[in-house]
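Here is a friendly briefing to read alongside the model. Please keep the viewer open as you go through the points below.

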Amino acid sequence: MVGKVQSKKAARAVAHCDWIHSVDRLKLANKLSEAAQKLNKKIKILVQVNTSGERQKSGYWLSNWFENKSSDSLKLLERDLLEISKIKGVKLKGLMTMAPFSRDEEIRRTTFGRLSELRDYLVKSNPSLDLEHLSMGMTNDYIEIG
């Protein structure tokens, strides 16, 4: 499932999906865990990170993490990822982000590059984290050929 998941609809999402690409807070991860355990299921999740700096986007706000590696936002993300990695019923598999709606390829490249660099930094700092997967963008972010 890609898209915002409300905590009150976590059980429905878990019942119908194997992956959830948009976990934007620890509270939601805990709700998904409760629902998954009731179904004797382990749901794979990606944690949503806002690397574009757009106010209308959800996720952990880290558009400038590379400029300030001691930021409260980065510390919060690290803390929550470590917590989520220990929760029964969910399996943390990586991070996701979305680029601004723009035809400018450089904007998309920067947004996605920030997520890749962030993942590398987090894994280096916390080797126990499984952040194998990155989900970056939507269909309209693909380069048009022809």
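L115 touches V49, T51, L95, M96, T97, L134, S135 and M136, leaving out residues up to four places away in sequence; contact here means heavy atoms within 4.5 Å. This is a predicted model, in which local features need pLDDT of at least 70, side-chain atom pairs count only at pLDDT 80 or more, and totals for chains, interfaces and linings use all residues. Residues are numbered from 1 along each chain as its sequence is written, and side-chain values use heavy atoms, with hydrogens and water left out.

- L115 sits in helix α4; helices (H or I, at least four residues) and strands (E, at least two) are DSSP runs, numbered from the N terminus.
- Its relative accessibility is 0%, so L115 counts as buried; buried means under 20% relative accessible area, exposed over 50% and partly exposed in between, with a 1.4 Å probe and protein chains only.
- Between L115 and L95 there are 20 residues of separation in sequence and 7.6 Å in space, C-alpha to C-alpha.
- Setting aside neighbours within four places in sequence, L95 is in contact with L46, V47, V49, L81, L115, L118, R119, L122, L131, H133, L134 and S135.

**The nonpolar core**

- A nonpolar core is a set of buried Ala, Val, Leu, Ile, Met, Phe, Trp, Tyr and Cys residues joined through side-chain atoms within 4.5 Å.
- The largest such core has 31 residues, of which L32, I45, L77, L81, I84 and L95 touch the most other members.
- At least two residues of this core come from each of α1 (10–16), β1 (19–23), α2 (26–38), β2 (43–50), α3 (72–84), β4 (90–97) and α4 (105–125).
- The biggest contribution to this core is that of α2, with six residues.

**Helix α2 and what follows it**

- The 13 residues of α2 should span 18 Å at 1.5 Å a residue, and the end C-alpha atoms are 19 Å apart, which agrees; the expected span is 1.5 Å times one less than the number of residues.
- Buried residues of α2 are L26, L28, A29, L32, S33, A35 and A36.
- The cover over these buried residues includes α1, β1, β2, β3 (60–61), α3 and β4.
- K31 also belongs to helix α2, but K31 counts as partly exposed because its relative accessibility is 32%.
- Apart from residues up to four places away in sequence, K31 touches S7 and A10.
- K31 and G89 are 58 residues apart along the chain, and their C-alpha atoms are separated by 9.8 Å.
- N40 lies in the loop between α2 and β2, and N40 has a positive phi of about 55° although it is not a glycine.
- With a relative accessible area of 74%, N40 is exposed.

**H133 and strand β5**

- H133 is part of strand β5 (residues 133–136).
- Is H133 buried, exposed or partly exposed? At 30% relative accessibility, H133 counts as partly exposed.
- Not counting residues up to four places away in sequence, H133 touches W19, L46, K93, G94, L95 and R119.

- The loop between β3 and α3 holds S71, which counts as buried at 10% relative accessibility.
- A polar atom of the S71 side chain lies 3.1 Å from the backbone nitrogen of L74.

**The chain as a whole**

- The protein chain has four helices and five strands, running α-β-α-β-β-α-β-α-β from the N terminus on.
- Of its 146 residues, 44% count as buried.
- Among contacts in the protein chain with a separation of 6 or more, 60% join residues 24 or more positions apart.
- The protein chain exposes about 8,400 Å², with 49% of it supplied by carbon and sulfur atoms; accessible areas come from the Shrake-Rupley method with a 1.4 Å probe, and for residues only the protein chains shown count as cover.

**Confidence**

- The mean pLDDT of the protein chain is 84, and 86% of its residues reach 70 or more; pLDDT is the predictor's confidence in each residue, from 0 to 100.
- Confidence is highest in β4, at a mean of 95, and lowest in α1, at 83.

Conventions. Polar contact = N/O pair within 3.5 Å; in protein donor to acceptor, adjacent residues only side chain to side chain.
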